[in-house]
Amino acid sequence: MLLSLVFSILFAVHPVHVSLLSLDHSKENNTFRMFVKIYFDDFLLDAGISEEKGGVPDFSGANNCAYEVVEKYINEKIRIFVNNNIVQSKLDNLDLSDNELRVNLTARTGKEIRSVTVRNLIMTSLYSDQANMVIVKVDDFEEGARLTPEETEKTFEIKH
């Protein structure tokens, strides 16, 4: 809860280059419910999307093109390994307002989770001060980390 408050405060001022990723394991469905939050203008820049390069998809509604672009971007920039096996995320929905892109995804995990490795490359090639905040929650385990262009990966050992 405290981590969420701190991350929300960081998002209040845009000059900070920051993204948020939370992974919350659902034991019933053997999935991670994922949430990603980034500034839309930073997303466009990092994804290489511009008016000159074919235009910006319409993000105002349930646009399949926008969904595909965001899902592809997240699966390229964020790699999640469960027990050393990569998992792919599937976009459930996205919301764009106040220059914030908020994305909900799911990823299948399998039954028992012993470790979760997160590699987050969002905007790491653009900003030397980039901070990619990560929260992982599995059963009673909850831990956060700050990933940077120098340290893009973190392994969380899940104790049962």
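Two strands pair if DSSP finds at least two bridges between them. The exercises below use a predicted model.

**Exercise 1.** How many bridges join β2 to β6, and which residue stands opposite K37?

*Solution.* Start with the bridges. Nine of them link β2 and β6. These two strands run antiparallel.

**Exercise 2.** What do β5 and β6 form, and how many residues lie between them?

*Solution.* Look at the pairing. Eight bridges join β5 to β6, and the two run antiparallel. L91 stands opposite L105 in β6. Next, look at the connection. β5 and β6 form a hairpin, with two residues between them. In the turn, D98 has a positive phi of about 50 degrees.

**Exercise 3.** Are α2 and α3 roughly parallel or roughly perpendicular to each other?

*Solution.* Two packed helices are described by the angle between their axes and the distance between the axes. Take α2 (residues 40-47) and α3 (residues 64-77): the angle is about 75 degrees, and the axes are 11 Å apart. Angles of 65 to 115 degrees count as roughly perpendicular. So α2 and α3 are roughly perpendicular. Which residues touch? F43, D46 and A47 of α2 meet V69, V70, Y73 and K77 of α3. Sort the residues of this contact: five are nonpolar, none polar and two charged.

**Exercise 4.** Which residues of α3 are buried, and what covers them?

*Solution.* List the buried residues of α3: A66, Y67, V70, Y73, I74, N75 and K77. Then find their cover. It includes α2 and the strands β2, β3, β5, β6 and β7.

Terms used
Residues are numbered from 1 along each chain as its sequence is written. This is a predicted model: local features need pLDDT of at least 70, side-chain atom pairs count only at pLDDT 80 or more; totals for chains, interfaces and linings use all residues. Side-chain values use heavy atoms; hydrogens and water are left out. Axes are lines fitted to C-alpha atoms, for helices over the stretch in contact, and angles run from 0 to 180 degrees between N-to-C directions. Helices (H or I, at least four residues) and strands (E, at least two) are DSSP runs, numbered from the N terminus. Angles under 35 degrees count as roughly parallel, over 145 as roughly antiparallel, 65 to 115 as roughly perpendicular and the rest as oblique. Contact means heavy atoms within 4.5 Å. Ala, Val, Leu, Ile, Met, Phe, Trp, Tyr, Cys and Pro count as nonpolar, Asp, Glu, Lys and Arg as charged, and the others, Gly among them, as polar. Buried means under 20% relative accessible area, exposed over 50%, partly exposed in between (1.4 Å probe, protein chains only).
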